[in-house]
Amino acid sequence: MKKLDIEKFKKFSAKTERFTKAVGYISFVCVIVMMLMNVADVLLGKLFNKPIIGAYELTQRILMCAVFAAFAYGQSKKAHINMTIVIARFPRPVRFVIFSIMSLLSIFAAGALTYAAYVQTGVTIESGYVTEVLYIPLWPFYIVETIAMGVFTLALIYDTILYIIAIWREDFAKMIQSKWS
């Protein structure tokens with residue numbers, strides 16, 4: 001049986017991080033758009049009594065896209081909260097069995113949310129749901145959510161594979177634990 005090469009995994013991890021960073025840029029753009037739109041809304045409303053119609057509902061929808069688009073990037077940067085302070089004291093196999101189980105639970109939750117977003121996209125398209133003020137179709141926002149959650153789920157799956165390998169391999173354990181705080 002051929003031994004897994006950690007260098008290939010490190011290269012693939014770097015590619016995964018670049019991809020999730022690209023998805024994360026959606027979040028960055030959304031935050032900038034929200035900030036500029038809300039500042040303009042307040043200024044126009046206070047100075048000229050001409051607020052931007054529908055700014056609040058646009059902010060709601062853009063915020064949804066910003067939040068979901070940030071999940072995968074947060075995962076690739078290991079920014080999500082894990083209880084590593086406790087499990088770091090266990091022997092490596094026990095440590096990574098527990099960490100893998102936690103990650104499998106995360107995959108299950110993220111997969112369920114991805115599926116729910118997919119179903120909601122279909123319902124929104126089929127029903128023709130639109131925003132209350134501007135009558136903008138809601139389905140594009142749900143498509144962004146579905147794609148972002150799908151990428152997050154894939155990032156979780158990849159990391160879980162690494163955690164499972166680390167149960168038996170010290171070199172993988174060291175690579176993973178280098179990002180633990």
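How many disulfides does the structure hold? I looked and found 0 (a disulfide being a pair of cysteine sulfur atoms within 2.5 Å).

I note that this is a predicted model, where local features need pLDDT of at least 70, side-chain atom pairs count only at pLDDT 80 or more, and totals for chains, interfaces and linings use all residues. Residues are numbered from 1 along each chain as its sequence is written, and side-chain values use heavy atoms, with hydrogens and water left out.

I checked Cys-30: it is in no disulfide, and the nearest cysteine sulfur belongs to Cys-65, 5.2 Å away. Cys-65 is likewise in no disulfide, with the sulfur of Cys-30 nearest at 5.2 Å. Cys-30 is buried at 11% relative accessibility. Cys-65 is buried too, at 5%. (Buried means under 20% relative accessible area, exposed over 50%, partly exposed in between, with a 1.4 Å probe and protein chains only.)

**α2 and α5.** Next I took up helix packing. Helices (H or I, at least four residues) and strands (E, at least two) are DSSP runs numbered from the N terminus. Helix α2 spans residues 55–76 and helix α5 residues 139–166; they pack at about 15° with axes 8 Å apart. Axes are lines fitted to C-alpha atoms, for helices over the stretch in contact, and angles run from 0 to 180 degrees between N-to-C directions. The pair is therefore roughly parallel (under 35 degrees; over 145 is roughly antiparallel, 65 to 115 roughly perpendicular, the rest oblique). The crossing is left-handed, that is, the near helix is turned anticlockwise from the far one by less than a right angle, with clockwise being right-handed.

I listed the contact (heavy atoms within 4.5 Å). Cys-65 of α2 takes part, and others include Phe-68 of α2 and Phe-152 of α5. The contact residues divide into 16 nonpolar, 1 polar and 3 charged. Ala, Val, Leu, Ile, Met, Phe, Trp, Tyr, Cys and Pro count as nonpolar, Asp, Glu, Lys and Arg as charged, and the others, Gly among them, as polar.

**α1 and α6.** The axes of α1 (6–48) and α6 (170–177) come within 10 Å and cross at roughly 25°. These helices are therefore roughly parallel. Their crossing is right-handed. Ile-6, Phe-9 and Lys-10 of α1 meet Asp-171, Phe-172 and Met-175 of α6. I count 4 nonpolar, no polar and 2 charged residues there.

**Positive phi.** Asn-49 is not a glycine, yet its phi is positive, about 55°. Asn-49 sits in the loop between α1 and α2 and is exposed at 64%. Tyr-135 has a positive phi near 60°. Tyr-135 lies in the loop between α4 (92–127) and α5 and is exposed at 59%.
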